[in-house]
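Have the sequence and the structure open side by side. The paragraphs below go from one site to the next and can be checked against the coordinates.

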Amino acid sequence: MRVAIAGSTGSIGKQTLDVVRAAGEAGKYQVVALSANSSVDEVVAQAQSFKPKVVVIADPAARKKVAERLKLSDPKIEVVDDATQLATLADVVVNGVVGFAGLSVTMSTLKGGKRLALANKESLIAAGPVVAPLRKIAGAEIIPIDSEHCAIHQCLRSSQNYARDISRILLTASGGPFRGRSAKSLANVSVQDALQHPTWSMGPKITVDSSTLMNKGLEVIEAHELFGVSYDAISVVVHQQSIVHSMVEFRDGATIAQLSMPDMKLPIAYALEFPNRSADSFGAIDWAELSRLDFEKPDRDTFRCLDLAYQAGRIGGTAPAWLSAANEIAVESFLAEGVKWNQIASIIESTMQHHDGQIPTTVDDILEADRLARTWAAKMVAKIV
Ligand code: MG
């Protein structure tokens with residue numbers, strides 16, 4: 001199988017390369033294309049090790065450096081700026097780009113009629129109405145690499161007609177590093193505190209999103225877009241152990257859950273192997289050690305981002321694009337020690353008050369919504385810092 005990886009130097013990209021490396025069968029996966037933003041040393045090392053046909057680098061200065069280095073070691077590898085090459089060369093494109101920047105890979109992969117192994121939830125959330133029709137193209141399909149949505153994808157396979165049989169989706173949330181804390185006690189938490197995720201090892205943006213529950217809010221919208229289930233039929237339950245990765249309750253009262261150790265390599269391998277399963281094990285549950293699984297309601301007053309996401313999802317149109325863009329701006333500022341952690345929700349909320357109710361029909365509409373939301377969010381940030 002020919003695999004292309006967008007965002008190869010990020011957390012998902014590196015773990016995808018681990019999955020490829022771990023695959024026992026020689027030549028089972030062939031990495032045909034890598035794309036990265038600007039991590040020159042790392043992408044050069046990856047290219048030297050995996051020998052793709054092309055390396056796509058968006059930043060011109062970084063592209064020049066990568067081209068110079070690979071010319072000496074691997075002259076056959078082309079270094080280009082055109083991300084549509086990923087879908088052209090591969091059977092499956094892993095989209096591990098961080099944030100809204102992942103949109104072009106999502107679009108070009110589906111347009112190319114290829115499987116999109118999607119870790120970049122922001123592209124689907126922001127551009128849901130524009131991405132949806134592309135999924136009807138022959139060969140185009142989305143297999144989610146979000147642990148929760150991978151779990152739901154597996155659970156839904158227990159019915160031949162899940163649209164008819166489903167009662168609700170139960171998205172599990174670890175609760176992040178601040179689970180159980182009061183709003184008051186979170187007033188002065190540091191970036192370091194927010195980056196201490198109890199169960200998952202992920203990139204900084206998504207780890208902060210986990211600490212605010214915005215990650216779960218975005219995942220609610222993602223589940224709605226992926227599976228066509230109404231917002232009233234998507235619930236969030238906090239499950240601190242991150243063993244149950246989500247559940248689906250059917251009309252007959254049966255709840256189907258997917259359980260495994262928290263390791264993103266399992267959803268990555270699932271997305272590559274579907275409809276089969278990977279021969280490699282990504283950890284087994286030790287039931288004697290585990291002994292219990294806990295569930296509780298999310299604290300929606302302290303973690304306001306969850307309901308902000310439900311609101312944006314229900315409004316639809318460009319509202320999810322606005323929400324996601326405002327969140328990116330707020331989180332960027334928090335990571336740069338600008339706004340405080342508890343101001344992230346406020347910035348998003350005040351940005352959403354300027355949402356213009358547009359219904360997007362083209363990518364340009366989405367880009368414009370994203371631009372507008374970022375402008376408003378930056379104004380809100382500037383008022384604070
Ligand atoms: Mg997730």
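This is a predicted model: local features need pLDDT of at least 70, side-chain atom pairs count only at pLDDT 80 or more; totals for chains, interfaces and linings use all residues.

Leaving aside residues up to four places away in sequence, its contacts are Ser 11, His 197, Thr 207 and Ser 210. Met 264 is 62 residues from Met 202 along the sequence, yet the two C-alpha atoms are 9.0 Å apart.

Is Gln 15 buried or exposed? With a relative accessible area of 14%, Gln 15 is buried.

Helix α2 covers residues 40-50, and its buried residues are Val 40, Val 43, Val 44, Gln 46, Ala 47 and Phe 50. These residues lie on the same side of α2, because the arc they cover around the axis is only 160 degrees. What do they pack against? Their partners are α1 (11-22), β2 (30-36), β3 (54-57) and α3 (60-73). Directly after α2 comes Lys 51, which has a positive phi, near 50 degrees.

The next stop is the metal site. Which residues coordinate the magnesium ion? Asp 146 (OD), Glu 148 (OE) and Glu 219 (OE) do so, at 2.1 Å. Along the chain, the donors have the spacing D-x1-E-x70-E. Asp 146 and Glu 219 are 73 residues apart and link distant parts of the chain. Asp 146 belongs to the loop between β7 (141-144) and α7 (147-156), whereas Glu 219 belongs to helix α11 (residues 214-227). Asp 146 is buried, with a relative accessible area of 8%. Glu 219 is buried as well, and its relative accessible area is 0%.

Helix α11 and helix α7 both contribute to the lining of the largest pocket. This pocket has a volume of about 1,000 Å³. Its lining is made up of 50 residues, and those nearest the centre are Gly 96, Val 97, Val 98, Gly 99 and Asn 120. Two or more lining residues come from each of α1, β2, α5 (103-111), α6 (121-131), α7, α10 and α11. Which element gives the most to the lining? That is α10, with five residues.

Five of its five residues are buried, so β9 is largely enclosed by the rest of the structure. In a regular strand, side chains alternate between the two faces of the sheet. In β9, Ile 234, Val 236 and Val 238 are buried on one side, and Ser 235 and Val 237 are buried on the other, which leaves both faces covered. Strand β8 (residues 166-173) runs parallel to β9, and five bridges join the two. Within this pairing, Thr 172 stands opposite Val 237 of β9.

Key:
Residues are numbered from 1 along each chain as its sequence is written. Side-chain values use heavy atoms; hydrogens and water are left out. Buried means under 20% relative accessible area, exposed over 50%, partly exposed in between (1.4 Å probe, protein chains only). Helices (H or I, at least four residues) and strands (E, at least two) are DSSP runs, numbered from the N terminus. The arc is that of the directions from the helix axis to the C-beta atoms. Contact means heavy atoms within 4.5 Å. Donors are N, O and S atoms within 2.8 Å of the metal (3.2 Å for Na, K and Ca); water is not among the atoms, so sites may look incomplete. Two strands pair if DSSP finds at least two bridges between them. On a 1 Å grid over the protein atoms alone, a cavity is a set of points where a 1.4 Å probe fits but cannot get out, and a pocket is an open set with protein on both sides within 12 Å along at least five of seven lines; lining residues have an atom within 4 Å of a point. Grid points are joined across faces, edges and corners, and a volume is the space filled by probe spheres set on the points.
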